[in-house]
Amino acid sequence: MADTSDTRTPAQIEADIKRRREVLAETLDEIGVRVHPKTIVGDAKAKVIAHVDHTAGRAYVQVNRAVSEVRAQFTDERGAPRLERVVPVALVVVGVVGLLALGARRRGH
């Protein structure tokens with residue numbers, strides 16, 4: 001059976017009660033701040049911003065990876081262009097631009 005006798009003096013008991021009241025007051029203030037509408041909205045905004053930052057970071061990594069892969073297709077290990085790959089692509093681009101220019105010229109008349 002637990003000993004229920006209290007050997008503290010009345011002054012010690014009053015000091016303990018005072019400390020507990022202060023802790024309780026701090027806790028209630030903290031709860032009041034947490035449930036305040038501005039705090040809830042601020043927390044929600046912070047979560048959305050964090051999610052957007054995370055998504056943007058992932059998108060940046062994906063784009064950077066894609067650019068690196070394309071660059072690797074058109075350059076060698078030293079960074080010099082691979083003409084056997086650049087020239088055919090350049091010819092296709094010039095051909096497409098030429099066809100678009102001819103098509104625009106025909107629509108213009």
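The place of each charge is taken as NZ of Lys, CZ of Arg, CG of Asp or CD of Glu. On this basis, the protein carries 18 positive and 14 negative side chains, and the centres of the two sets are 17 Å apart. The model is a predicted one, in which local features need pLDDT of at least 70 and side-chain atom pairs count only at pLDDT 80 or more, whereas totals for chains, interfaces and linings use all residues. Residues are numbered from 1 along each chain as its sequence is written, and side-chain values use heavy atoms, with hydrogens and water left out.

The secondary structure consists of three helices and zero strands, where helices (H or I, at least four residues) and strands (E, at least two) are DSSP runs numbered from the N terminus. Read from the N terminus on, the elements follow the order α-α-α. The radius of gyration is 36 Å, well over the 13 Å that the globule rule gives for 109 residues, so the protein is more spread out than a compact globule. Here the radius is taken over C-alpha atoms, and the rule is 2.2 Å times the number of residues to the power 0.38. Along the principal axes, the C-alpha atoms fill a box of roughly 100 × 45 × 25 Å.

The surface comes next. Accessible areas come from the Shrake-Rupley method with a 1.4 Å probe, and for residues only the protein chains shown count as cover. The accessible surface of the protein is about 10100 Å², and 64% of that belongs to carbon and sulfur atoms. Of the 109 residues, 2% count as buried; the classes are buried (under 20% relative accessible area), exposed (over 50%) and partly exposed (in between), with a 1.4 Å probe and protein chains only.

One feature of this surface is a nonpolar patch formed by Leu-24, Leu-28, Ile-31, Val-35 and Ile-40, which together have about 480 Å² of accessible area. Patches are made of residues with over 30% relative accessible area and no salt bridge; like charges are joined within 9 Å, and nonpolar side chains (Val, Leu, Ile, Met, Phe, Trp, Tyr) within 5 Å. Helix H1 (residues 10-34) gives the most to the patch, with three residues. Ile-31 sits in helix H1 and counts as partly exposed because its relative accessibility is 44%.

Ala-50 belongs to helix H2 (residues 37-74) and, at 44% relative accessibility, is partly exposed.

Charged side chains also meet one another. Side chains of opposite charge can pair when their charged atoms come close. The structure holds five salt bridges, a salt bridge being a side-chain nitrogen of Lys or Arg within 4 Å of a carboxyl oxygen of Asp or Glu. One of them links Arg-34 to Glu-30, with 2.9 Å between the closest N and O atoms. Both residues lie in helix H1, four residues apart, about one turn of the helix. Arg-34 is exposed, with a relative accessible area of 56%, while Glu-30 is partly exposed at 45%.

Arg-8 pairs with Asp-16, the closest N and O atoms being 2.3 Å apart. Arg-8 is partly exposed at 36% relative accessibility, whereas Asp-16 is buried, with a relative accessible area of 18%. Glu-77 and Arg-82 meet in a further salt bridge (4.0 Å, N to O). In this pair, Glu-77 is exposed at 76% relative accessibility and Arg-82 is partly exposed at 21%. Elsewhere, salt bridges that share partners join Arg-8, Asp-16 and Arg-19 into one network.

Val-86 is found in helix H3 (residues 83-108) and is partly exposed, with a relative accessible area of 29%. The C-alpha atoms of Val-86 and Gln-73 are separated by 9.2 Å, with the two residues 13 apart along the chain. Arg-107 also belongs to helix H3 and is exposed, with a relative accessible area of 70%. Between Arg-107 and Val-93, the separation is 14 residues in sequence and 21 Å in space, C-alpha to C-alpha.

Conventions: Lys and Arg count as positive and Asp and Glu as negative; His and the chain ends are not counted.
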